[in-house]
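These are my notebook entries on a structure that I had not looked up before.

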Amino acid sequence: MITGVFSIVTSILLALVGLFLFLGGGYLLVLGGSWFYALAGAVMIGAALAGFRSPRLALRLYAGLLLLATAWSLFESGFNIWNLEVRLLTLVGIGAWMLLPWVWRQGGSWLSDKREMLGAVGIGVLVLGVSCFTSYSIDGTVPAERMGAQDQADSAVDGVPAADWQAYGRTMGGDRYSPLGQITTANIGHLKRAWLTRTGDVRQDGEGTVAGPDQGHEFNLEVTPIKVGDTLYMCTPHSWVMALDAATGKVKWTFDPHPAKADQEKNVYLSCRGVTYYKIPDEIQTSCRTRIYSPVADVRIVALDAETGKPCDDFGDHGFISLRQYLGHVPHGFHFVTSPPLVAKNRLITGGWIFDNQANFEPSGAVRGFDATTGEIAWAWDAGHTPETWKPGPDDVLTRDTPNAWGVYTADPDLGLVYIPTGNSPPDNWGGSRRPFDDATSSATIALDIVTGERRWTYQTVHHDLWDMDIPSGPSMVDLPGPNGETIPALVQSTKRGEFFVLDRRTGQPVPGYPVEERKVPTAGVAPDDRASPTQPYPTAMPSVSPPDLKEADMWGATLLDQMICRIQYRQSAYDGQFTPPHVGRTTIVYPAFYGIVDWQGITIDPQRKIMLANASYLPFRIKLDHRQTLEGPGTLPKWNGQGEEPAAKGDALSVSPDYGTPYIAYTDPWLNPLQIPCKGPVWGTLTAIDLVTKKIVWQHPVGTTRDTGPFRTHTNLPLPTGMYNIGGNIVTKGGLVFMGATADDYLRAFDLATGKVLWRDRLPAGGQATPMSYEVGGRQYVLIAAGGHGGLGTRSGDYIIAYTLDGAQGTGATAQ
């Protein structure tokens with residue numbers, strides 16, 4: 001009786017799976033895709049029917065399918081475990097079920113009935129087992145003489161004491177290199193928590209979800225604290241500013257600027273990545289000499305006394321300046337600042353985040369420089385104004401809808417230049433109404449004079465950007481050897497594309513030996529009232545972490561069934577490779593996508609060893625432009641002319657970019673299948689070391705596991721070493737270590753700079769989607785990270801600041817000035 005029930009159930013379930021594959025596979029064939037799924041479905045249906053009358057024939061049919069699937073999988077994928085897993089594991093699992101003694105018996109011995117199936121399952125398991133030993137790394141080692149290189153002159157370092165971390169990237173040059181060497185590859189195993197502090201600023205109801213018009217706010221603790229003297233300074237997602245004792249983590253003071261509720265309720269990102277320290281020059285009279293400047297969620301900047309945490313009364317309006325001034329009408333949530341301002345030469349320089357994809361009449365993206373002492377505006381760089389650098393009066397309004405610059409800025413104080421990473425003129429995915437000055441200054445690195453705000457040079461990384469490939473982080477400074485033995489003051493600009501542009505930071509021209517060429521890119525299918533640039537710039541000498549173009553065989557999923565759905569979606573979509581223009585009425589695959597290959601974390605440079613480090617993420621997105629009338633006609637999307645507040649979308653959680661003022665709306669989403677599994681398989685995250693002198697990848701390894709990311713966006717899974725999506729950066733130390741949190745599996749890891757091998761890790765109590773930092777106090781070197789999670793990535797939320805040091809180690813920290 002048991003045998004009959006199991007056999008009937010097996011036949012029914014196999015027939016259902018077979019029917020799904022046959023129908024879906026047939027449609028895939030019509031679309032020009034793989035033949036395998038329709039054939040597999042037909043064989044399954046045949047085996048299911050045979051199972052009722054001739055179980056041995058059914059077993060042989062399925063065994064034959066399994067052998068064919070193994071050969072087909074190897075032909076499409078080679079010995080790639082992740083690609084073989086999605087093709088074979090489902091079929092091998094079904095075959096293993098059929099080996100049970102109660103399923104499809106003919107009446108002979110188990111071995112005589114199951115011989116063919118046993119062999120087919122064994123071959124499938126063997127192939128999967130062998131593929132587990134496949135490497136997804138580029139293995140290499142930094143030469144010993146380079147690892148030992150120290151104490152070289154480096155003009156990119158701007159006099160920050162070795163024990164301190166005085167700016168977001170430690171220095172204004174943004175290299176994220178700590179000249180501390182107490183913690184080394186030899187003693188990293190003794191690294192333990194020194195202290196843990198909770199800020200008290202935690203996620204509230206309605207916060208922490210993926211951002212969207214009706215989907216709440218992303219609550220993201222992305223902060224990198226700074227350290228000056230014996231004190232750490234930082235900000236929290238709700239704009240609190242805090243000072244902590246660097247040795248103990250004890251809170252010295254907390255300042256809550258009480259941002260306006262209306263702004264916080266509208267801001268789709270609740271995040272503050274850091275604060276800025278500045279000492280007012282001695283020749284300037286002030287009662288508030290050492291200051292901490294921090295952004296506030298309601299579009300203000302606050303200046304606090306670094307010692308007391310009290311607002312500096314001689315700055316702006318009793319310690320505050322409003323960034324709404326000179327912007328005209330700013331609906332709540334349309335403008336805020338998540339990055340620390342850059343302060344140098346008594347100038348406070350900031351731009352801000354402009355709400356993406358809402359309209360083509362949004363507030364100005366102009367960059368402004370203020371007197372760091374008084375808060376009075378000194379200049380505005382406004383691409384649409386003549387002249388473009390000017391000082392607006394009380395009633396003047398900066399040009400609306402210009403490219404903004406929302407990331408962290410970097411600077412070379414000796415050259416007197418600040419480097420601005422720009423975005424697009426909104427909206428991102430349709431550029432038909434962009435003006436010449438918009439196109440000339442978007443997705444570019446722009447050098448401005450710190451004191452006067454005058455533009456010195458511009459280098460564009462994407463022409464007429466239709467993909468939101470804005471530059472999310474300022475470049476990192478480094479001195480490089482020139483062709484004639486000279487030293488060239490350079491910068492490296494990372495991009496969301498995963499490309500790295502090496503420029504002379506004096507002129508903005510590519511450094512000799514690091515050429516850039518224009519390459520043809522797809523233009524077919526662009527919206528009829530827009531255009532696409534026929535070429536885009538590519539650095540030809542520098543390695544790239546940009547992925548190869550997708551093909552149907554790259555499609556992935558948890559099972560063969562959802563993988564087939566991804567293959568169908570691939571064939572249905574417009575995709576001609578990188579830079580395929582967004583189509584009207586048809587879904588377009590965007591890869592690399594605007595969540596970055598390298599996002600706001602930027603890159604790290606060891607200025608002594610001339611090694612660059614970049615952690616990267618890989619997730620395709622899909623975009624579809626559609627005519628406004630499809631939603632505005634039936635009233636699903638309210639009309640709006642920019643007056644007053646943006647209307648709330650009607651309907652149930654309508655997720656759409658309204659793009660008011662343009663002919664289109666845009667649907668944008670990460671490319672996930674019905675199981676919420678990415679349609680592009682692993683590797684999903686890497687850490688790469690690049691030699692800036694030889695211009696070669698030294699090593700590259702997957703980083704992170706699936707421990708905390710499962711189907712349907714659950715937080716439980718096997719810790720598969722797939723590499724994982726990451727948000728947040730890495731740092732490097734004189735001790736030859738690279739520290740990185742960032743990954744969605746909630747670990748802080750330490751890597752050997754020489755090889756990339758993981759030497760140490762610690763499980764964090766919440767997501768570590770922030771860039772770590774390192775400092776020295778009391779003769780001890782500390783490594784610190786904020787662990788508070790990330791709403792967009794879906795990691796565990798919290799309010800933790802965690803510092804590590806060698807267990808009981810004392811010493812000088814082997815510092816180098």
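I first noted the term for pairing: two strands pair if DSSP finds at least two bridges between them. I also noted that the model is predicted.

**Entry 1: a hairpin.** I applied the term to strand β40 (residues 773-777), which pairs with β41 in the antiparallel sense over 5 bridges. Within this pair, Met773 stands opposite Leu784 of β41. I then looked up the turn: β40 and β41 form a hairpin with 2 residues between them. Gly778 lies in that turn and has a positive phi of about 60°.

**Entry 2: the other partner of β41.** I found that β41 is also joined to strand β42 (residues 800-806) by 5 bridges, and these two strands run antiparallel. Val783 has Tyr804 in β42 as its bridge partner.

**Entry 3: burial of β41.** Which way do the residues of β41 point? I recorded that Arg780, Tyr782, Leu784 and Ala786 point one way, while Gln781, Val783, Ile785 and Ala787 point the other way. Residues on both sides are buried. For strand β41 (residues 780-787), 8 of the 8 residues are buried, so the strand is largely enclosed by the rest of the structure.

Entry 4: The bridge partner of Ser178 in β36 is Thr733.

**Entry 5: Pro179.** I located Pro179 in the loop between β1 and β2 (191-198). Is Pro179 buried or exposed? Pro179 is buried, with a relative accessible area of 6%, where buried means under 20%. From Trp72, Pro179 is 107 residues apart in sequence and 53 Å apart in space, C-alpha to C-alpha.

**Entry 6: the whole protein.** I recorded 10 helices and 42 strands. The radius of gyration is 28 Å, close to the 28 Å that the globule rule gives for 817 residues, so the protein is as compact as a globular protein of that length. Along the principal axes, the C-alpha trace spans about 100 × 65 × 55 Å. Buried residues make up 63% of the 817 residues. Of the contacts between residues at least 6 apart in sequence, 64% join residues at least 24 apart.

Note on methods. Residues numbered from 1 in each chain as written. Predicted model: local features only at pLDDT ≥ 70, side-chain atom pairs only at ≥ 80, totals over all residues. Heavy atoms only, no water. Helix = DSSP H or I, 4+ residues; strand = E, 2+ residues; numbered from the N terminus. Rg over C-alpha atoms; globule rule 2.2 N^0.38 Å. Buried < 20%, exposed > 50% of the residue type's maximum accessible area, 1.4 Å probe, protein only. Contact = heavy atoms within 4.5 Å.
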